[in-house]
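Visitor: Please take me through one part of this model, slowly. I would like to hear about its salt bridges.

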Amino acid sequence: TWFWVEVIICGVHVPPGVTSEVGGLNMDNFVVYRIETMGCVWNMFRFYLLWWSFVEFMVYDLPMRHTVAAFANVKFESVFAMKRALNSWWAFFYISIGGSTLIILLGYIFMASEASSCLLPGTKHKGCADDSAKFWVAYSDHSKFEKVNDLHVANACWFIFVTMTTIGYGDIAPSTHVGRFVAVIAAQVGIILVSLITAALANLMKYDTSEQSAMVIIGRESAKLKLATKAQEIIARWYKNLKGFKLSHKQEHSELYRMIIELRHHRQDCQVEIEDCVSTSVKIEQIASRVKLVEKNLDAAAHNLWGTREAARPKVKDLEGMRQARKSIEMARKKLGAFSLVAEQGRKRGAEGARLRGAAGFAAGAALIGGVFQPPRADDAH
């Protein structure tokens, strides 16, 4: 389908030396167009080939893009090229170039649609002898005016720019159906360009992962300063009440309950860990690097003990014993964690409750650990 569309767009042209005129009434005005002018307007559609060049320019630096596209089920075509162009600071440059190109193309089409061949030298159309071909009617006030061809592309581009930006000075207005259609297209294109600029600017103004982490850390440090300030205000008010001093105007109009609530909120903000300030992708990278580091250290320890993995395999004969030892270590870790949890819960209670629960937790932990680390038996010599 696209092949035949390209054949029609790129193959149709007016041969050199061929000329003809086509005329008809247009809003009660007689308009004549030359076939070579219509051919030039049709050939303007060939500029769509610039879009495919732009798409290729946006994806040519992607290594193995065809393999990656097949693997990830992604099409590196027009939509992807547009997204990639809008996700960089070059977006404003691309949009400016594209908008300027469209202004020139639409300006030329508008100029050609508003020019009548009757006012050009060498016209042979019979309808040009009629008064409606020379004196046109303006539909704004139904007044007649003498038709004059404005063949300056700059004026037509100015009209397209004014229409795109929805300013509409009114110094130039379309007087043909084709000119009105071009004005409608220009208005729609202007809305799309403004939307793209807004979307690109909003996307570029977002914090990246590093900036988000920095802002979270700054918020935590600010919470620490606010916590100290709020604590000073509460202590100062308590001391004045204790000594019977007169409270300040600010202290009289501040509620103690609200101050305590704000103090608790600031305290919660201060308890954010550094690792919680980073984004999810950074956390995944940190975990992956730590796993690699652990694996490297284990390989180094095995090499120091047995030389190589191949040399270590013959020496490890009782694999079942190693599995049991590993299970015992895991059980010990779980029970130590339970002991720590009980002790921590006891510590968070009141002072008296903390001592009672701490002692109970210690006793429970000692009992649990004692159930794991039993004295070696005679059959556990391995």
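Guide: Lys224 and Glu221 both belong to helix H9, which covers residues 209-243, and they sit three residues apart, about one turn of the helix. A helix here is a DSSP run of H or I with at least four residues, while a strand is a run of E with at least two, and both are numbered from the N terminus. The model is a predicted one, in which local features need pLDDT of at least 70 and side-chain atom pairs count only at pLDDT 80 or more, while totals for chains, interfaces and linings use all residues. Residues are numbered from 1 along each chain as its sequence is written, and side-chain values use heavy atoms, with hydrogens and water left out.

The side chains of Lys224 and Glu221 form a salt bridge, with an N to O distance of 3.7 Å. The term salt bridge means that a side-chain nitrogen of Lys or Arg lies within 4 Å of a carboxyl oxygen of Asp or Glu. By this rule there are eight salt bridges. As for accessibility, buried means under 20% relative accessible area, exposed means over 50%, and partly exposed is in between (1.4 Å probe, protein chains only). Lys224 has a relative accessible area of 38%, so it is partly exposed. Glu221 has 33%, so Glu221 is partly exposed as well.

Lys230 counts as buried because its relative accessibility is 13%. Glu262, at 23%, counts as partly exposed.

Glu262 has a further partner. Arg258 forms a salt bridge with Glu262, and their closest N and O atoms are 2.8 Å apart. Both Arg258 and Glu262 lie in helix H11, four residues apart, which is about one turn of the helix. With a relative accessible area of 37%, Arg258 is partly exposed. Salt bridges that share partners join Lys230, Glu233, Arg258 and Glu262 into one network.
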